[in-house]
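This report looks at how two chains meet and at selected features within each of them. The sequence and structure come first.

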Amino acid sequence: MKLQEHEAKNILEKNGLKTPEKGLTEEEEEYVVKAQVFSNNRKEKGGIRFAKNRSEAEAEKQEMIGGRIDTEEIKDVLVEEKIDLTEEYYVSFIYDTDSRKPAMIFSRDGGTGIEDREGSKLPLEDDSQFRFRQFLKGKGFEGKELVKLAGTLHKLFQAFLEEDARLLEVNPLARTGDGYIVLDAMMDLDDDANYRHDRDLPDRSDLGREKTDREVKAEKIDEDDHRGVAGKYTELDGDIGMMLAGGGASLTNMDALIEYGGEPANYTEYGGNPPTEKVYRLSKVIMSKDLDGLWHVGGTANNTDILRTMEGFIQALEEERPEYPIVIRRDGPHADEAFELLREKREELDINMKLYRNDTPMTQTAEVLMEMVKNDEN
Amino acid sequence: MAIIVDEDTKVLVQGITGREASEKISEMLKYGTDVVAGVTPGKGGQEVEGVPVYDTVEEALNQHPEINTSLIYVPPFAAKDAVLEALEKGIKTLNVITERIPTRDTWKIYQRVEEEDATMVGPTSVGIITPGECKLGPIGGNEPEKVYRPGKVGVISKSGGMTTETSWVIRQAGFGISTALGLGGDVIAGTTFEDALKLFEEDDQTEAVVMFGELGGTYEEKAAELVAEDEFSKPLVAYITGRFTESMPEKKYGHAGAIIRGDRGKPSHKKKALEEAGVYVADVHHQIGGVLKEVMGKGS
C-alpha cells in the first residue's frame, strides 16, 4: 500500500527519525504547504508552496484544498515549518531483483530532478551499521558527518525492514545545523505483511485516476462475498468486452486481443472458484458498456467449476441479449455440461456466439473474435 | 534425467494437514509421487491419505531418512520458520507453494538457501512436474497426464496457470516435457529463469526450453544475459506477457525503481533484450508451438 507523505513521516518518526515540526504555530515563521497526493514532482505541479508567515500559509492551504494535481483531488494538506538546510541527499531502499537483496540508492545531490542524476546502489546483506560508514567513506564523507549520516541511513534501513516496506524513499534528506531531517518521504508497504502490523490507514486506489462507477460496482462484488475473486475490473476506452479468467492468462489474452487489432473495453480477472451470482454480477458490469464484441476466455482451469461460473455468464446473456459477436474459450471441471448449456442458450437467444474448448489455443480465439467483429460491421 | 525432481524424489510435506495440502496429497500419490511423510506441529501421530504426520522435521527424518525434498504448504506467517527448519536438517531441495509471504521473510529465506547451497523453487509456485516420474504441488491438476507427457522440452513460468497452458501448447505442437517448473512471480524468487536455465543446460534429456515471463523485476533480462554470454546454448523460446500494461494510465510513485532498473521490467524491454540475445520470442502465446517446431527442426 502506497502511503501519503504525512503517513510515511509518522511511521518514520516512530522509528526515531526527525521530520519538520507540523502545524501552524508562530505567526512570524516561514512555512511549507504541501498537497497530500501520490504524484511525483509535486513542486512543479503547484503542490508544494512556501509561505512567509502563518496567515499566508493558512491562505495557501485553503486555496489548495479541493484542487487537483494531475487527476487526483487534494483532500489533505500538510503544513510544516520551513527548514534551513546546507545539503540535500536522495536516499531510497528497495528490494533489488538483480541481487535478490534489499539495496540502498544514494545520491549526494537530492531534491527535484533526481531522476536525471546518477545514484549509487549499495546491496545490503544485513542491517549492520558499518556497511553505511564504509559506503559513505567511499563517497568522500569524513569525521562527524560520516558517523552521523551513516547512523541516519542505518535508522532508515531499520525502519524499511521493521515496517515491512517494499519501498522507502526520502527525497530530500536535509542536512541542517540540527542534524538530518526527512523533508519528504514515500513508502510502499508490503500488503502481505499487514497481519503483523497494527495500522490504521484508510483504503486507497492505485489507479492514476478516480474509480469509475462500473469499477466501484465491480469492487462491491468481492466485498459482498469472499468466495473466489470476481471484482477486479478496470475500465478502458475500447469496445471489446473482456471476461477474463486467471491472472497470467488474463494478461496474455489482453496482449493477444490488441495484437489482433482489438481495443479492450475493460480489464478484469476472475478466479479461484467464485459462485454463480458473482460471475453474473461481473458479466453484467462488463456488458453494461456499449460494446462491439465480447470475449470470455481463460486457460484450462484446475479448480474453477466451469458450469457454475458459466451459469452466471449465461444469466447475464439472457437479460442483455447482446447483438454483437461473442467468443468463448474455456475448459476445466464440468466443462462438458457448461458447453451443452451454452449451445442450448445460443439457439434459444439467437446469439452470434462461437464456442471453443482447449483443443483450440486460448489466444488464437482472439483472432476469431476480431474476424467476427469485422464481418459484423460490414 | 530431468531437473530438480525425478523418480528418486522422496517427499516431506510441511503443512500437510492444511486444507489445500491434504487435497493435493491424493493427486500426488495417484501420480506416483513418493510422499513419505508430513509435518504439522501439534498434529504428530495423525495420518493424511495414509501418510504419517510428525511434529518436527527432525522426527520425520529420523523415521524416514530417505527424505530428500520438502514441499512447503504452510500458511504465509509460518513459511520462514518451515523453510529454515528443513534447511537446518539438511534437506536441499524445496518447493514452496505458499503464496503471499512477506518480502522481508523471503529475503531471509533466500539468504539461508544460498548459504546451504540448496535449491528452492517458489514462493508462490504452482509446483514442479517431471512427467511420468514425480509431481509436486497442484501443477496439472488431478489429471496431469492429459497435458504433461515425458519429452525433451523444459518449461519455466512465473504464472502458475500459464505453466500448464504453455505446456499444453507445447503438447499440441507434438512435444513432451522434461520438467516444468512454476517459479512464482514474487519479487525475490528462489529459482529464477537464469537459475533454471543453468540446470536445463546440464540436463541431457532437455533439448529446448520454453519460458513464460511477465512484467516486473529483471529476471527475464538476466536470462537474456545468460544466453548472450553463451552460458545457455540450447534453443530457448520465450513469451512475455503484460505488454498492454505499458499503455495503461500509471502514476509514478518515487524514483527508486527507475534509478535501479531503468526500462528493465517493462515487457517490451524484456522482449527486446531476449531477442537481441538470440532468443525466439513469440508475439502471441499460442505461436510458441509453431516457433518451437521451427527451432527444433533446425536443431535436428
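## Polar contacts across the interface

A polar contact is a pair of N or O atoms within 3.5 Å; within protein, one atom must be able to donate a hydrogen and the other to accept it. The model is predicted. By this rule, 30 residue pairs, both at pLDDT 80 or more, are in polar contact across the interface of chain B and chain A.

Which elements of chain B give two or more residues to the side that touches chain A? They are α4 (103–115), α5 (160–172), β12 (208–214), α7 (219–228), β13 (236–241) and α8 (256–261). The largest share comes from α4(B), with six residues. By residue type, this side of chain B divides into 24 nonpolar, 20 polar and 14 charged.

## Extent of the interface

The contact draws 67 residues from chain A and 58 residues from chain B. The size of an interface is often given as the accessible area lost when the parts come together. Here the buried area is about 5200 Å². Carbon and sulfur atoms give 55% of that area.

Seven salt bridges are counted between chain B and chain A. One salt bridge joins the side chains of E165(B) and R329(A), at 2.9 Å from N to O.

## Salt bridges within chain A

Over all chains, the structure holds 62 salt bridges. R166(A) and D190(A) form a salt bridge through their side chains, at 3.9 Å from N to O. The pair links distant parts of the chain, 24 residues apart. R166(A) is in strand β10 (residues 165–176) of chain A, and D190(A) is in the loop between β12 (185–189) and α5 (213–224). Are the two residues buried or exposed? D190(A) counts as buried because its relative accessible area, 2%, is under 20%. R166(A) is partly exposed, at 30%.

A salt bridge also joins E269(A) and K232(A), with the closest N and O atoms 3.2 Å apart. These partners are 37 residues apart and again link distant parts of the chain. E269(A) sits in the loop between β15 (266–268) and α7 (276–287) of chain A. K232(A) sits in the loop between α5 and β13 (233–235). E269(A) is buried, with a relative accessible area of 17%, whereas K232(A) is partly exposed at 45%. Chain A also has a network of salt bridges that links E5(A), K9(A), K34(A), R42(A), E80(A) and D184(A).

## A buried glutamate in chain A

E72(A) lies in strand β5 (residues 72–73) of chain A. Its relative accessible area is 13%, so E72(A) counts as buried. A polar atom of the E72(A) side chain lies 3.1 Å from the backbone nitrogen of F38(A).

## A helix pair in chain B

R19(B) and E23(B) form a salt bridge through their side chains, at 3.7 Å from N to O. Both lie in helix α1 (residues 19–31) of chain B, four residues apart, or about one turn of the helix. R19(B) is exposed at 64% relative accessibility. E23(B) is partly exposed at 41%.

## The sheet of chain B

Chain B has an open sheet of seven strands, with mixed pairing. The strand order is β9-β8-β11-β10-β12-β13-β14. β9 (134–136) and β14 (280–281) of chain B each have a single partner strand, so one side of each is left without a neighbour in the sheet.

Strand β10 (residues 150–157) of chain B pairs with β12(B) in the parallel sense over five bridges. The bridge partner of S157(B) in β12(B) is F212(B).

Technical notes
Residues are numbered from 1 along each chain as its sequence is written. Chains are lettered from A and ligands numbered from 1 in the order in which they are written. This is a predicted model: local features need pLDDT of at least 70, side-chain atom pairs count only at pLDDT 80 or more; totals for chains, interfaces and linings use all residues. Side-chain values use heavy atoms; hydrogens and water are left out. Contact means heavy atoms within 4.5 Å. Buried area is the accessible area (1.4 Å probe) that two parts lose on being put together, summed over both. A salt bridge is a side-chain nitrogen of Lys or Arg within 4 Å of a carboxyl oxygen of Asp or Glu. Ala, Val, Leu, Ile, Met, Phe, Trp, Tyr, Cys and Pro count as nonpolar, Asp, Glu, Lys and Arg as charged, and the others, Gly among them, as polar. Buried means under 20% relative accessible area, exposed over 50%, partly exposed in between (1.4 Å probe, protein chains only). Two strands pair if DSSP finds at least two bridges between them.
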